[in-house]
Amino acid sequence: MATVSCLLSEDQFLCSICLDVFTDPVSTPCGHNFCKNCITEHWNVNHRFMCPLCNETFTKRPDLRVNTLFSEMVGRFRQSALQEASSSSSEQQKKVRLETEIQQMIQKRRLKIQEIRHQISEGVQVFTALKESVERGQANLIEMIKEKQKRTEKQAEGFIKELDQEISDVQSRNTHHPTPTKDWTEVSIRPSYEGTVVRAVAQLEETLRDMKKLLPDFELKRVQQFAVDVTLDPDTAHPALTLSGDGKQVSHGKVKKNLPNNQERFEFLLRVLGIPGFSSGRFYYEVQVNRKTDWDFGVARESINRKGKIELSPENGFWTMGLRNRKEYKALANPGVSLSLKSPPQKVGMFVDYEEGLISFYDVDAAALIYSFTGCSFTGKLFPFFSPHNNEGGKNSAPLIISPVGVN
């Protein structure tokens, strides 16, 4: 029967009255098929028992019974049509997903091209400035050498004239009574450029030092282009922490609040996460840390343990740096890495490259790299992490502040 139904055309499964697939198909004595309700209603309205297709008239209302064989064929046709529609819809969905993935791949590659071009542009700017500086130094050096050469040539001309004059005087006098002449033994006209070259090289070295100072500024500006808007997540905050209304500041409060001990909340230590979380790409944010004696911040895995006294380390899902006792800066690894900074940073920026496994901390005001975690392996989402530590009786009461990037 399935084979027979496949051989029939779609039109043969349509009622000529309602023009839809048969429902309870019945056959008239002339052999034509209709929906049972359709032909019944047709005869009720027209009061003549005539076939709507061939116009054959019947003397009395035919006794209509559902054609079970044809009804089964219609059912199979209906099921086949639904499967085809479902298959077509599934194929369409796959096509849409594929097109979306292709567009996303294209967009990622376009962004990568923009980034590469931006880096090339920055590199060209630096080296162009260096090249122009070297060329200026070279031109100045050549000019100084030329000036010195001119002075030397003028001096030589003076010596030659003086020597010619002496020769003339000697020749015009009696050889038995020679006149006193100048002692030319120590006279030299060999020019010396050593001092000029040394000064030019020293100037070039100074220029190179100045250009080297600009490189960190270029690097900081590069990562700042990945700035994101981070706010504190109150559902994760330890009950003793105080968060500002705009979600940008956190400090140790005076009173431990009675808050629901939900799964996301830190229970034992003064910690809080920021939102949003990131499972790919790059992101950067800055935190104001001045006026504090102790603090930690960085990023943490979504899966970290929030209910115990967990040490901050990459092994436990934390990539952070912090301050202890107002002057001891550390990258909180296992073991910790002491950081020697020229001056206490007022604002610290943090950059994450998820795919590269890189986390870097910067002194924003000095445009200097503080420390980088490299070769990291991330799984799941990473969330900004903050710990303002205990207020120490007011000594460490200042908040950690998430700052707008590029605003000093």
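The questions and answers below go through some features of this predicted model and the definitions behind them.

In this predicted model local features need pLDDT of at least 70 and side-chain atom pairs count only at pLDDT 80 or more, while totals for chains, interfaces and linings use all residues. Residues are numbered from 1 along each chain as its sequence is written, and side-chain values use heavy atoms, with hydrogens and water left out.

Q: Why is Cys-51 called buried?
A: Buried means under 20% relative accessible area, exposed means over 50%, and partly exposed lies in between (1.4 Å probe, protein chains only). Cys-51 has 1% relative accessibility, so Cys-51 counts as buried.

Q: What makes Cys-54 buried, exposed or partly exposed?
A: Its relative accessibility is 36%, so Cys-54 counts as partly exposed.

Q: Why are the buried residues of H2 said to line one face of the helix?
A: Helices (H or I, at least four residues) and strands (E, at least two) are DSSP runs, numbered from the N terminus. In helix H2, residues 36-46, the buried residues are Cys-38, Ile-39 and Trp-43. Seen down the axis of H2, they fall within an arc of 125 degrees (taken from the directions from the helix axis to the C-beta atoms), so they line one face. The face turned away from that buried side carries the exposed residues Asn-37 and Val-45.

Q: Which strands do the buried residues of H2 pack against?
A: They pack against strand E1 (25-27) and strand E2 (33-35), where contact means heavy atoms within 4.5 Å.

Q: Which residues does Met-50 touch, leaving out those up to four places away in sequence?
A: Met-50 touches His-42, Trp-43, Asn-55, Glu-56, Thr-57 and Phe-58. You will find Met-50 in the loop between H2 and helix H3 (68-172).

Q: Why is strand E15 described as largely enclosed by the rest of the structure?
A: In E15 (residues 382-387), 6 of the 6 residues are buried, so the strand is largely enclosed.

Q: How do you know that E8 and E15 pair?
A: Two strands pair if DSSP finds at least two bridges between them. Strand E8 (residues 295-301) is joined to E15 by 6 bridges, and the two run antiparallel. Here Asp-296 stands opposite Ser-387. Strand E6 (residues 272-275) is joined to E15 by 2 bridges, also antiparallel, with Leu-273 opposite Phe-385.

Q: What makes E4 and E14 the edge strands of their sheet?
A: The open sheet has 7 strands in the order E4-E5-E16-E7-E12-E13-E14, with antiparallel pairing. Strand E4 (241-243) and strand E14 (368-373) are its edges, as each pairs on one side only. Within the sheet, 6 bridges join strand E12 (residues 347-353) to strand E13 (residues 358-363), and Val-348 has Asp-363 as its bridge partner in E13.

Q: Where is Asn-55, and what is its phi?
A: Asn-55 is in the loop between H2 and H3. Its phi is positive, about 65 degrees, although Asn-55 is not a glycine.
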